[in-house]
Amino acid sequence: EKDTTYKATYTSTVNKYDVIFKDEDGSTLSETQLIEYGSKATEPTAPSKKGHTFEGWYNGETKYTFTEEIKGKVELTAKWTKNKYTITFENEDGTVLETKQVVFDEMPTYTKETPTKVADKTYTYTFKGWDKEIVKVEDNTTYKATYTSTYIDYVIRFENEDGTELSNKKYHYGDTVEIPQEPTKPADVQYTYTFAGWSPSVTTVEKDTTYKATYTSTVNKYD
């Protein structure tokens with residue numbers, strides 16, 4: 001009916017942007033948040049990771065504080081530090097040989113002198129290795145030295161009074177000694193000899209020992 005101008009009108013909708021939470025390897029750690037422009041994202045529950053301590057969410061090299069207004073897509077990456085654990089190397093008797101702090105997933109090494117164990121009267125001891133395989137660190141761990149034992153051989157000799165060897169055998173500590181047949185000593189013009197025993201007295205094995213025959217003498221009588 002008359003000249004008319006029509007003007008377009010619009011409704012406005014605030015844009016929304018993704019806030020994505022990733023691990024360092026690109027895997028998803030928390031549900032993506034869809035945040036309106038100008039609003040703030042909500043910090044999710046801190047994730048957990050074996051052997052690591054969570055340090056926070058990072059946008060590139062900058063730690064994200066969740067006080068920033070969202071103005072576009074944001075991709076946040078979790079940052080971690082590896083935990084350190086106490087690794088202890090002990091001798092068989094519990095004496096600490098070495099202790100150190102080692103980072104998670106690293107291989108611990110023993111750097112001190114080879115463990116030793118003092119010989120006793122029965123055995124000498126040689127370091128065999130640790131009581132379990134040394135593996136990459138996952139927790140506080142103690143490794144204990146183990147040993148192979150070797151019998152100590154003791155030589156037991158029996159001699160006649162003149163030094164003639166009657167027997168020579170190897171024994172171990174505490175063994176019962178096998179005593180040879182009683183020796184003899186030929187009579188001479190003046191004396192007849194009778195076996196009196198061994199010097200020193202025969203005991204169970206304690207060390208290398210030489211036993212020597214002793215005799216009593218009886219004066220010969222003649223018509």
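Which residue forms a salt bridge with Glu90, and how far apart are the closest N and O atoms? In this predicted model, the partner of Glu90 is Lys144, with the closest N and O atoms 2.8 Å apart. Because Glu90 belongs to strand β6 and Lys144 to strand β9, the pair ties together parts that are 54 residues apart in sequence. Glu90 is buried at a relative accessible area of 17%, whereas Lys144, at 26%, counts as partly exposed.

Strand β6 (residues 84–90) and strand β9 (residues 141–151) run parallel and are joined by four bridges, and Thr141 in β9 is the bridge partner of Ile87. Both strands belong to an open sheet of four strands, ordered β7-β6-β9-β8 with mixed pairing. Its edge strands, each pairing on one side only, are β7 (96–103) and β8 (123–130), and the twist from one strand to the next averages 25 degrees.

| Salt bridge | Closest N to O distance |
|---|---|
| Glu90 and Lys144 | 2.8 Å |
| Glu165 and Arg157 | 2.8 Å |

Arg157, Glu159, Glu165 and Lys212 are linked in a network of salt bridges. Glu159 counts as buried at 12% relative accessibility, while Lys212 is partly exposed at 29% and Glu165 is partly exposed at 41%.

How values were computed
Residues numbered from 1 in each chain as written. Predicted model: local features only at pLDDT ≥ 70, side-chain atom pairs only at ≥ 80, totals over all residues. Heavy atoms only, no water. Pairing = 2+ DSSP bridges. Helix = DSSP H or I, 4+ residues; strand = E, 2+ residues; numbered from the N terminus. Axes fitted to C-alpha atoms, helices over the stretch in contact; angles between N-to-C directions. Salt bridge = Lys/Arg side-chain N within 4 Å of Asp/Glu carboxyl O. Buried < 20%, exposed > 50% of the residue type's maximum accessible area, 1.4 Å probe, protein only.
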